[in-house]
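Student: Could you take me through one part of this model closely, namely the place where the two chains meet? I'd like the geometry, with the cut-offs spelled out.

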Amino acid sequence: MNQYQLTKLAKRVGFYALIAVVMIYAIFPFYYAVITSLKPSSELFTVSYWLDSLDFTNYITIFSQGSFVRAIFNSILVSVSLVTIALLLGITASYALGRVRFRGRATVMLTILGVSMFPQVAVLSGLFEVIRGLGLYNNPAGLILSYTIFTLPFTVWVLTTFMKQLPMELEEAAIMDGATPWVTITKVFLPLMWPAMATTGLLAFIAAWNEFLFALTFTLTDDQRTVPVAIALISGGSQHELPWGPIMAASVTVTVPLVILVMIFQKRIVSGLTAGAVKG
Amino acid sequence: MTTQSTDSAPAKGRLAKAGYRGTKVRRQRVRAAWLFLAPMLVALALVAGWPLLRTFYFSFTDASLSDTAGAAFIGIENYLVYDDGAWYGLLTDPVWWNSVWNTLYFSVVSVSLEVVFGVIVALLLNAEFKGRMLVRAAVLIPWAIPTIVSAKMWAWMLNDQFGIINHMLMGLGLIDAPLAWTADASLSMWAVIMVDVWKTIPFVALLVLAALQMLPKDCYEAAEVDGIHPVRVFFRVTLPLITPALMVAVIFRLLDALRVFDVIYVLTSNSTSTMTMSIYARQQLVEFQDVGYGSAASTMLFLIIALAVVIYLYLGRRQLGVDQ
């Protein structure tokens, strides 16, 4: 083996070592959470890198608590309703912004961008008043309403960039046939927008599933909470005796569906994220 | 505008051309556009515009959480008030200025680290190798994990007595005794930064990767033919070309970092060594029930973030201007 081949080999080894480091760094915390969640409480406080046996006590513990099951239900309810509403409002708004030229369009786009950059705390007291005024405090409907502040601008923004890319001819044909804008959206654009809607819907779902500040502030009782709040508020006898086993079991339970979604829709998520940022 | 005959057949036939302004179809489309935008604009006004105005208003009142309607106007007393020989109010509160400093420190350090590591990961993923898709999917995992969950996972790993991080560091001989990562005031900010960086590298990496994949191949071929060192190629060719994408990634991340709340709330709760503007404002608003004072903090937070964005965009435009 000569000098050139040796350096080439060294480079390859170095490259794959670096890849391995990145992989371990990305996966290890989640892997460790899974391991912890499958340990009996007696073994919890001895550090180990793998499992000798499986123990599902922690999972049984959290699922036998009605409040955690209820929190999962609330999270699903909030996220799914929010995605539906955001897509419905988003698709019509993105048609208006992406396909029609009218005065004030740039202002609307800037407003949307501005709202998407809002710090949530800045509206907390005002939004609290609105939600209480509408009688939605401690109610998942209040969360659905408040979450539109970050999902709606994002959905509209990404769908608009996708909408702009569709060819003009499609719409011209529809106009020639005398189709109204509503018919144009539902019959011409909707079938073509499904992939984009799946992407934005997925991203909106993840954002809603993970939200914490509003969920913490606008709910009060255990049976109205969403999973992030439920997990954050799991507590033991004292500050120093957190039940780590059940916490990790709950964490793994709510994360596994997301990880599977990300694995399946990896390409879509990447295209949605970059459409929202790079092309915007 | 409407001088053109609106109902004649030829007008309809010409709409494909750019000059269809003022036709019936066009007016119908513009009307429909506003109709379609209306629900979204109403929703945004209800959850963003109006609450923001109310927050501004509350910051000049003595509103409390249990009674926001009966709030009385008290001028700028929440911000600054002179009483009996001393100044009081938000602007004189050292805890507030400490949280402003913490927020800025956290944002600058974590975003810088994310950009550096994000670019490195993006460069790795941009190379052709077997299993690239698998690695890309694995890298996305931290991004998909809810912030609360990642904070809890790291809190467990950083646990002072039973945490695996202390175990590893002691095994490697780097430390003699376990460190109290989240409780020790000098370490907790770094613990928070560590978790935030872990969670958001994927986002930066993906944006940079998208930019890398759009770069023209011929520059690199030319550089290779000329035998220029890859590091030099990176700083002279790649970096300038991906700067616009990096700028976008940085502004998104910066806006997120400046309003950081959940990771800190879970990891270190209300400890002053990591208290940020969002934590401070929410504590005043919800835990102390002082809506007036808390709204003043929220308003200041909003202004500080707006100022940061303006400064960033101004510097960024000059930076980009130089590159062109």
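Tutor: Helix α3 (residues 66-99) of chain A packs against helix α2 (residues 24-58) of chain B at an angle of about 130°, their axes 8 Å apart. The axes are lines fitted to C-alpha atoms, for helices over the stretch in contact, and the angles run from 0 to 180 degrees between N-to-C directions. Helices (H or I, at least four residues) and strands (E, at least two) are DSSP runs, numbered from the N terminus. That angle is why α3(A) and α2(B) are oblique to each other; under 35 degrees counts as roughly parallel, over 145 as roughly antiparallel, 65 to 115 as roughly perpendicular, and the rest as oblique. Their crossing is left-handed, that is, the near helix is turned anticlockwise from the far one by less than a right angle, with clockwise being right-handed.

Who touches whom? On α3(A) the contact is made by Leu89(A), Thr92(A), Ala93(A), Tyr95(A) and Ala96(A), and on α2(B) by Ala33(B), Phe36(B), Leu37(B), Pro39(B), Met40(B) and Ala43(B). Contact here has C-beta atoms, placed from the backbone, within 7 Å. By class, the residues of this α3(A)–α2(B) contact are ten nonpolar, one polar and no charged (Ala, Val, Leu, Ile, Met, Phe, Trp, Tyr, Cys and Pro count as nonpolar, Asp, Glu, Lys and Arg as charged, and the others, Gly among them, as polar).

A note on provenance: this is a predicted model, where local features need pLDDT of at least 70 and side-chain atom pairs count only at pLDDT 80 or more, while totals for chains, interfaces and linings use all residues. Residues are numbered from 1 along each chain as its sequence is written, and chains are lettered from A and ligands numbered from 1 in the order in which they are written.

Back to α2(B), which also meets helix α5 (residues 124-133) of chain A, at an angle of about 115° with the axes 6 Å apart. α5(A) and α2(B) are therefore roughly perpendicular to each other, and their crossing is right-handed. From α5(A) come Ser125(A), Gly126(A), Leu127(A), Glu129(A) and Val130(A); the α2(B) side includes Leu46(B), Trp50(B), Arg54(B) and Phe58(B). This contact has nine nonpolar, three polar and two charged residues.

Zooming out, 70 residues of chain A are in contact with 75 residues of chain B. Helix α1 (residues 3-37) of chain A gives the most to chain A's side, with eleven residues. That side divides into 55 nonpolar, 13 polar and two charged residues.

One spot on chain B also deserves a look: Thr147(B), in helix α5 (residues 147-157) of chain B. Thr147(B) is buried, with 22 other C-beta atoms within 10 Å (20 or more makes a residue buried, 12 or fewer exposed, in between partly exposed, with C-beta atoms placed from the backbone).

Terms used
Contact = placed C-beta atoms within 7 Å.
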